[in-house]
Amino acid sequence: MKRIIKKVVVLGSGVMGSRIAIHFANIGCEVSLLDIVPKELTEKEASKGLTLDDKQVRNRIVDENLAATVKAKPSPVYHSSFIPRVRTGNFDDNMDWLKDSDWTIEVVVENLAIKKMVFENAEKFRKPGSLITTNTSGIPIQSMLEGRSEDFQEHFCGTHFFNPPRYLQLLEIVPSDKTKLEITDFLMHYGDLFLGKTTVLCKDTPSFIANRIGVFSIMAIFKLQKEMGLTIEEIDSLTGPITGKPKSATFRTSDVVGIDTLVKVATNNYTSCPDDEQREIMVIPDFVNKLVEKNWLGDKTGQGFYKKSKDEKGARVILTLDLENFEYREKQKAKFASVGAAKTIDNLGDRIKSLHYAKDNAGEFLRKLSSYIFAYSSNRIPEITDELFKVDDAMRAGFGWEIGPFETWDILGVEKFVSKMEEDGHKPAAWVKEMLDSGIKSFYTIENGAKKYYDQKSKSYKKISGKEGFIILDNIRGNKSVWQNSGATLHDIGDGVLNLEFQTKMNAIGGEIIEGINKSIDIAEKDFRGLVLGNDGQHFSAGANLAMILMLAVEQDWDELEFVVRQFQNTMMRIRYSGIPVAAAPHGMALGGGCETCIHSDRIVASAETYIGLVEVGVGVIPAGGGSKEMALRASDNYQKDVVELPELQKRFLTLGQASVATSAYEAYDLGILRKGYDTITVNPNRIIADAKRAVIEMADNGYTQPIQRTDIKVLGRTALSSILIGVNSFKLSGYISEHDQKIAEKLAYVMCGGDLSKPTLVSEQYLLNLEREAFLSLCGEKKSLERIQSILNTGKPLRN
C-alpha cells in the first residue's frame with residue numbers, strides 16, 4: 001500500500017507535543033495540535049468578559065504552549081513561514097479532525113490511564129488504516145492496546161522522539177506484537193527519509209534503548225563521583241567534548257533535561273527491571289533526592305547542579321553546587337595532566353585511548369565508567385535489541401555521543417579492555433567472551449566499503465541494514481584514495497563521481513584544502529564525471545585559516561598574504577568555471593571561506609541543519625574569497641527581474657555587513673546564499689553526500705557545459721555608494737557601530753558598488769575580485785582588525801572594538 005503523510009494530528013501540546021508538531025510542519029505537513037480545555041478562567045480572561053465557551057479560552061492551553069515553543073531558543077522551526085502550517089484546537093471540539101489525519105501521534109502526560117482514555121476517544125474519530133502512535137518514553141506499548149479495535153492495534157506503534165526533536169536525530173520505533181510489519185517498515189523509512197531521523201527499531205522493554213543505556217551511564221557517573229570524590233566540574237570536563245560527548249556533559253545535561261525527569265526514568269528502570277544485574281545503580285543517590293526536595297530541578301527552576309547568578313558588577317556568572325555542603329560557589333577549573341595532553345590530539349579515537357590509559361584520576365575515572373557502560377550494554381543484548389549497532393546508533397542520535405559504547409570499546413581494544421573490566425569487577429556478557437574465543441577481536445569491520453557488525457546469534461559479521469542510501473566516508477576510508485595530502489582526501493564514491501573530504505581542524509581552509517580542490521578538479525576533468533565537496537565532520541568548514549592570515553599580517557608579509565588571497569580567489573573561480581559539475585554538501589557550520597566554497601559550486605545540497613554565512617565583517621575584514629563579488633553579482637542578476645536596484649544592493653550589503661548567519665538551510669534562501677530552483681535541502685544529514693552525488697550525475701547527464709566567465713555584472717557606482725555611506729554614518733552617529741565597524745563597512749560598500757564609478761557600469765568578476773582583495777589587504781593592516789582576529793582565535797568570539 002502506498003502511504004502518503006499530508007495531515008498529522010498531535011494530541012498533547014506540552015514541551016514535546018508542540019515541538020513534534022513544529023517538526024512535522026518543518027517538512028511540509030499540515031499539522032493539527034490539540035490539548036485539553038481549561039476548567040476555569042484566568043483573571044485576564046474574566047476582566048475581558050470572556051466565558052469558558054469562547055474559543056480563545058477553550059484553546060488557551062494549546063495556544064500558549066505553541067507560542068512558548070515558537071519563542072524557544074534554539075528555535076524548533078526551520079523558518080518562521082512554516083509556523084502557520086500548525087493549527088490549534090482542543091480535545092472537546094476538534095477530535096473530528098482525526099477523520100482526515102494520515103498520522104495521529106499521542107504526546108500527553110506519561111500516565112497509562114490518561115493515555116488509554118485519549119486512545120479510547122481517538123478511536124471514535126480515527127480514519128481506519130491511518131497511523132496511530134505514541135511518543136511514550138517508557139510505558140510498555142502493549143499495555144496501551146487494551147480495548148482497542150483490531151485495525152487500531154495493527155496500525156499502532158511507539159514513535160519515541162527525543163527533545164528537542166529538530167536537533168536530536170533519534171526516533172525509536174517500538175512496535176507491539178500486533179503492529180503490522182508494513183507499518184513498522186513504513187515508520188522506519190519515513191522517519192529516516194522525511195523526518196531526517198536515525199530510526200532505531202527497539203524491543204518493547206522499559207525505557208527502550210537510549211534511555212536505558214543513557215540514564216544508566218548517568219547513574220554510574222553519580223556513583224563514581226561519590227566513590228572518587230570528584231567535583232562537578234572535573235566530571236563534566238571528562239564527559240564532554242574531550243571524550244566525544246556533548247558540551248553539556250553530565251551535570252549540565254541533567255539540568256537541561258530536568259533532574260525530576262532523570263529521577264522518573266531511573267526509578268522506572270529500577271521498578272520495571274527486577275532482573276537487571278545493575279539494578280541497584282538506579283537507586284537515586286541522596287544528593288539527587290535532596291535536589292528534588294529543594295525543588296532545584298535544573299533550568300526549569302533556575303538552579304540545579306549549576307545556577308545562573310550575577311557578580312558584584314552585575315555580570316552574569318554560573319555558580320556550581322558543592323555536593324559536600326550543598327552551597328553554590330564559583331566555578332573551579334578542572335585540572336588533569338592527561339586532559340591537557342589530550343587536547344593536542346585532534347583524532348577522537350586517539351584522544352580516547354590516551355585518556356583511558358592515563359595514570360591519573362582522569363584515566364581511572366574513565367576506565368571505571370567505560371567498564372560499567374561496556375558491561376551493561378553487552379548484557380542488554382538480546383534483552384533490548386538483538387543487534388549491537390542499534391545501541392550505538394541510539395546513543396549517537398539520542399544522547400549526542402560522537403561514538404557509541406561498542407564503537408568506543410573497539411577503539412580501546414575489546415580483548416585488552418575486557419581484562420581491565422574484570423579487574424574492576426565488571427563482567428561482560430558471555431557472548432563477548434565467545435566472540436573473542438572464536439578469534440573475532442572487534443564488534444565492527446569494514447568490507448568493500450560497507451560497515452558490518454558482529455551478530456551474536458549467528459556468531460558472524462552481518463551488514464548493517466537501512467544504510468543503503470548513505471555514503472559514509474569512514475566506511476570507504478580503507479579503500480585506496482584517489483589522492484590525498486595532510487588536510488584533504490579525494491575519494492572515488494562510484495558512478496564516475498569523486499568526493500573531496502576536508503580533514504583539517506574544524507575543516508578550516510588553508511593551503512592543503514586549496515591544493516586539494518585544484519587537484520580534485522584536475523583529476524575529475526581528466527577521468528571522472530564530476531565532484532562533490534563534502535565530509536563527515538561535525539562541520540563542513542568553519543572558514544579560512546585565520547591563524548595563517550594573522551601571522552602573515554603581523555609579520556607584514558604583504559606579498560605572501562596577497563598571494564594567499566589571490567590563490568583562494570582563483571580556487572573559488574576554478575570551482576565555478578571547471579569543466580565538470582561540482583556540488584557542495586554543507587552541514588553544521590559553513591562560515592566565511594566555507595560559505596564561499598559553497599556559493600561558487602554549481603549546486604548546493606545542504607543539510608537542513610546548516611548554519612551558513614559570510615561572517616568576515618565580524619572578524620574585522622570583508623569576504624575576499626569571492627564572497628563580496630558574488631553578492632554583488634547576485635544583486636545584479638536580480639536587477640533584471642523588475643527589482644528596484646538600490647534596495648536590492650542594500651539588502652545584500654546588510655547581509656554581509658551584519659555578518660548574518662542562517663540558522664537553518666531554509667533561512668539561507670532568504671540571505672541569498674542558497675538559490676531557489678537550483679540549490680536543495682536534505683533533512684537527514686547522513687544522506688547529503690549521496691544526494692549531492694545524484695545532483696552531480698544529473699548535471700552530467702543533462703550535458704553539463706563549462707560556464708563562461710561573467711563580464712556583464714551591473715554595479716551602481718557612486719550613486720549607490722553615497723546612499724550606503726550615509727546609512728553607515730547614521731549607524732555610527734547613533735552608536736550602533738564603532739569607528740572601526742564604519743571603516744569596514746565603507747570598504748565593503750566600495751567593493752559592492754564597483755568602486756567610485758560616476759555611473760552604473762558593466763564590469764567583470766575579476767574586476768570585483770581585485771577590489772575585494774585590495775580592501776581585504778588594507779584591513780589586515782589595521783590594528784583593530786588584527787585584534788578581532790586574535791580574539792576569535794583565543795576565545796571564539798569577536799572583540800567589539
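Modeller: A salt bridge is counted here when a side-chain nitrogen of Lys or Arg lies within 4 Å of a carboxyl oxygen of Asp or Glu. This is a predicted model, in which local features need pLDDT of at least 70 and side-chain atom pairs count only at pLDDT 80 or more, while totals for chains, interfaces and linings use all residues. Residues are numbered from 1 along each chain as its sequence is written, and side-chain values use heavy atoms, with hydrogens and water left out.

The structure holds 57 salt bridges, and one of them joins Glu154 to Lys180, with the closest N and O atoms 3.8 Å apart. Because Glu154 lies in helix α6 (residues 150-154) and Lys180 in the loop between β7 (170-175) and α7 (181-193), this pair ties together parts that are 26 residues apart in sequence; helices (H or I, at least four residues) and strands (E, at least two) are DSSP runs, numbered from the N terminus. Lys180 is partly exposed at 30% relative accessibility, where buried means under 20% relative accessible area, exposed over 50% and partly exposed in between (1.4 Å probe, protein chains only).

In the salt bridge between Glu387 and Lys390, the closest N and O atoms are 2.8 Å apart, and Lys390 is buried, at 12% relative accessibility. Glu562 pairs with Arg566 in a salt bridge whose closest N and O atoms are 2.6 Å apart; both residues belong to helix α23 (residues 558-576), where they are 4 residues apart, about one turn of the helix. Arg566 is partly exposed, with a relative accessible area of 32%. Elsewhere, salt bridges with shared partners link Arg212, Asp276, Glu277, Arg380 and Glu383 into one network.
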